[in-house]
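Trainee: Before I set anything up, could we go through this entry together?

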Amino acid sequence: MTFNSLQFLVFFMVVTLWFFSLKNQKGRVLLLIIASCYFYMSFIPEYILILGGTIIVDYLAGLQIEKSEGGRRKFWLILSLIANIGTLCVFKYYNFFIDNLHEGGAFFGMSISLPVLKMALPLGLSFHTFQAMSYTIEVYRENQKAEKNFAVYALYVMFYPQLVAGPIERPQNVLPQLKEFRPYNWDNVKEGLARMLWGFYKKVVIADRLAMIVDRTYSHTNESSSLALFAGAFFYYFQIYCDFSGYSDIALGAATVMNIRLIENFNQPFFSKSISEFWRKWHISLYSWFYDYVFNPLFFSLKSWGNYAIVLCLLITFFLSGFWHGATWHHIIYGLLMAVALIYEYFTREQRKKLFSKMPKALNNLLSMILTFGFFIFAEIFFRSQTATAACTYIKKILELKGGSNYLGLDRMELLFSVLVIVIMLCREKLLPGHLINSNKRFYLYLFSMVLICYFFGVFAENQFIYFQF
Amino acid sequence: MFKKIARDLLILFCAVTLWASTSRTIMEYTSQKRSTDKWWGFYDYLNGNLVGLSHLDIVKKFNSHPALGVNEHHTLDSAYNTVLYLHGDSYSAYIQDVNFKCISGFQNINRYSGGNYTLDRTKRNILIIEIAEMQVRDYFGSLRMIKDVYEADKRKEITGLPHLPVSTDARYLSFFPDINTGLFFNKNINQNLECNLFNYNFMMPMFGSKAALNYYFFHRASGDVVISNDWKFLLQKESTIKYRIPITSDEMTELIENLNKIGNHYKQYGFSEIYLSIIPCTATIAQPEEYNNFIPLIQNDPRLALKIIDIYSVMKNSPEEYLCHGDTHWNINGKQKWVEMINEILAKNQTQLKNH
């Protein structure tokens with residue numbers, strides 16, 4: 001059940017209306033657990049067992065960590081981390097290791113034959129395992145009390161709006177909200193619905209339209225002209241933003257309707273003036289996770305190494321973030337490119353400050369934005385390609401500046417329309433970042449127009465959200 | 001009070017819609033009842049399934065009339081005691097029901113899997129496996145055919161069933177218990193919901209206007225349908241992606257092995273001959289420049305032990321003659337040609353038998 005499906009719309013109506021008809025929080029929690037199980041099982045039912053297994057392990061680990069002292073606390077934390085990372089390793093990374101072992105063996109003339117796992121990746125595995133780990137780590141650090149109520153803890157991990165593609169939540173934010181009975185609030189309903197519609201607009205009107213261009217250029221790399229390939233890379237940047245932030249808007253909107261506030265995942269990353277600023281505004285929940293649980297602890301333990309510590313910590317953090325996105329070399333390269341860019345920014349910050357201080361501020365900002373934007377267009381080629389070799393070929397073909405087919409898979413009129421809807425999206429997010437419409441009349445008008453726009457200008461090809469694969 | 005009643009009614013309506021769209025029985029029942037041209041009837045794909053999917057009836061050029069019947073054919077007698085079995089999909093639909101006489105000279109033609117038959121081993125039994133190209137990789141990626149036929153036979157309480165292979169589904173690891181989830185989940189739920197909530201004759205002007213906007217303003221079809229490069233055919237979007245994906249040697253080996261296993265399985269059960277006929281999708285024939293050569297690769301693989309009814313070679317030489325412009329299936333000429341090819345093969349066999 002993807003967010004852009006009829007099944008979700010009907011399901012959401014049943015759950016939300018039922019949610020508000022219940023008069024106590026116990027009933028609401030139970031309803032949301034059943035709804036989340038149905039939501040998750042609608043993809044591949046059997047995988048609920050994996051989710052259930054990790055929930056039980058982490059719940060028990062949390063209780064034990066709180067109860068125990070000294071070495072035993074560490075033992076339970078490590079057990080929980082092993083359970084989560086182990087699940088990730090088996091279902092997401094096992095085939096990657098085996099494939100590389102096979103290829104490495106073949107390179108050295110050794111014949112290694114290990115079985116590969118023939119099964120689809122459990123949906124949202126990387127998201128819910130990370131969320132579960134943040135709980136046990138926070139309990140271990142004594143920033144969060146262990147949750148005694150199993151149902152509330154289970155709902156923290158499997159709350160359906162953010163179950164399969166985040167935002168990766170923190171226990172301090174969600175657990176108190178799940179325990180508190182919050183009455184119906186019309187303003188929240190309006191805000192949530194308006195935000196959900198904005199998310200649908202970004203997904204079906206922009207992302208799925210741009211997908212036609214991007215899919216064509218990436219599947220016709222050899223025949224396309226350099227200009228067409230550049231356009232494909234350029235539009236992918238907007239596609240992935242509208243796809244993922246559209247998903248996040250729907251998730252946050254659905255939760256807001258039920259009076260639950262999830263953490264923001266995006267904060268207008270397009271206008272970032274540096275790579276480090278970009279990473280504070282893009283997929284915020286994941287990168288704050290890496291910052292809190294990987295970069296920071298690592299940096300403090302290696303602090304005495306000075307600048308080497310920064311370099312090493314950035315390389316490790318972004319290597320892991322690339323690996324989180326996919327068990328492939330092109331995702332790892334994507335992560336490492338980000339690390340290299342951040343290292344460059346760190347070591348040249350003084351020189352750049354001097355250089356840019358000689359320019360007018362507006363020009364300085366514009367140039368910084370263009371450079372940051374350009375770097376991401378280049379780096380995202382590794383993210384979108386099927387293999388690292390394909391990404392290199394794509395970049396090579398752009399740099400060759402050769403002719404070929406300029407066809408982008410879209411009619412010229414539709415191309416212009418795509419640019420128009422992107423501009424509308426950028427202006428709206430910059431100028432009107434909120435979603436609450438105070439006047440009821442205006443709200444209904446907005447609702448009606450957005451439904452019509454999404455229907456008439458939406459591309460309904462049942463495209464899954466890109467981040468579902470992670 | 002009024003708000004509360006309205007809310008409860010809405011919950012009930014949504015829950016019932018969700019449940020009805022999950023239940024196969026209810027969907028079959030409502031489909032029968034709603035097969036009417038009244039305002040509450042559902043939109044019938046009379047001008048071709050792709051025209052229907054894209055709601056492009058407004059553009060007359062793609063309107064198609066898919067093949068229902070083919071000419072009768074009486075050239076052979078039935079003295080040679082042969083029974084023909086057909087395991088097919090929508091391409092060969094209606095052959096059994098409407099004009100089984102088109103397959104000449106045979107006492108019987110049975111739809112294998114779901115047909116009412118018992119294999120008579122005193123006769124010469126021939127099995128034709130007909131399958132659309134787009135389904136081959138999924139269907140023969142495992143031994144699903146054997147399982148499907150076995151389950152259908154079991155439901156009909158047919159005795160003497162051929163043994164089921166040990167493992168017919170390699171999708172999941174064996175440690176997952178086989179949970180029966182059919183009561184709660186349905187893969188086609190979104191199509192069913194669309195049918196129940198929006199697919200009414202009175203809603204068609206709205207769907208048509210979106211289709212017209214896309215066609216005349218953006219020059220494309222909507223949803224799962226795309227227009228061919230030469231602007232003559234509507235194509236299923238999925239097929240235009242699938243027909244380009246290269247086939248690896250491992251995958252080919254697996255497919256051939258599975259096909260041979262299926263062939264051996266049914267030979268042991270009592271079939272004298274087994275034929276495979278892969279029907280190309282429209283994209284394969286209409287825009288061959290990006291084709292992955294899937295059908296020729298399978299048909300010409302020396303390891304394949306099944307006999308082939310090669311309609312691909314016939315169709316690729318004259319696409320316009322055999323394809324529908326707005327339907328995934330072939331037109332009446334395509335089906336007629338296929339039936340003629342079967343007749344030719346069978347006639348050859350008859351002659352060989354006679355000479356013996």
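Mentor: Domain bounds come from an automatic or database domain assignment. The model is a predicted one, and on that assignment chain A is divided into domain 1 (6-181) and domain 2 (188-469).

Trainee: How many residues of domain 1 of chain A are in contact with domain 2 of chain A?

Mentor: The C-alpha centres of domain 1 and domain 2 of chain A lie 25 Å apart. On the side of domain 1 that touches domain 2, helix H1 (6-21), helix H4 (71-107), helix H5 (125-140) and helix H7 (171-179) of chain A give two or more residues. That side divides into 12 nonpolar, eight polar and two charged residues. The residues of domain 1 of chain A in contact with domain 2 number 22.

Trainee: Which element supplies the largest share of the side of chain B that touches chain A?

Mentor: Between the chains, 29 residues of chain B are in contact with 23 residues of chain A. Helix H1 (2-22), helix H6 (189-197) and helix H7 (204-217) of chain B each supply at least two residues of that side of chain B, which divides into 17 nonpolar, five polar and seven charged residues. The largest share, seven residues, comes from H1(B).

Definitions and conventions
Residues numbered from 1 in each chain as written. Chains lettered and ligands numbered in written order. Predicted model: local features only at pLDDT ≥ 70, side-chain atom pairs only at ≥ 80, totals over all residues. Contact = placed C-beta atoms within 7 Å. Helix = DSSP H or I, 4+ residues; strand = E, 2+ residues; numbered from the N terminus. Nonpolar A, V, L, I, M, F, W, Y, C, P; charged D, E, K, R; others polar.
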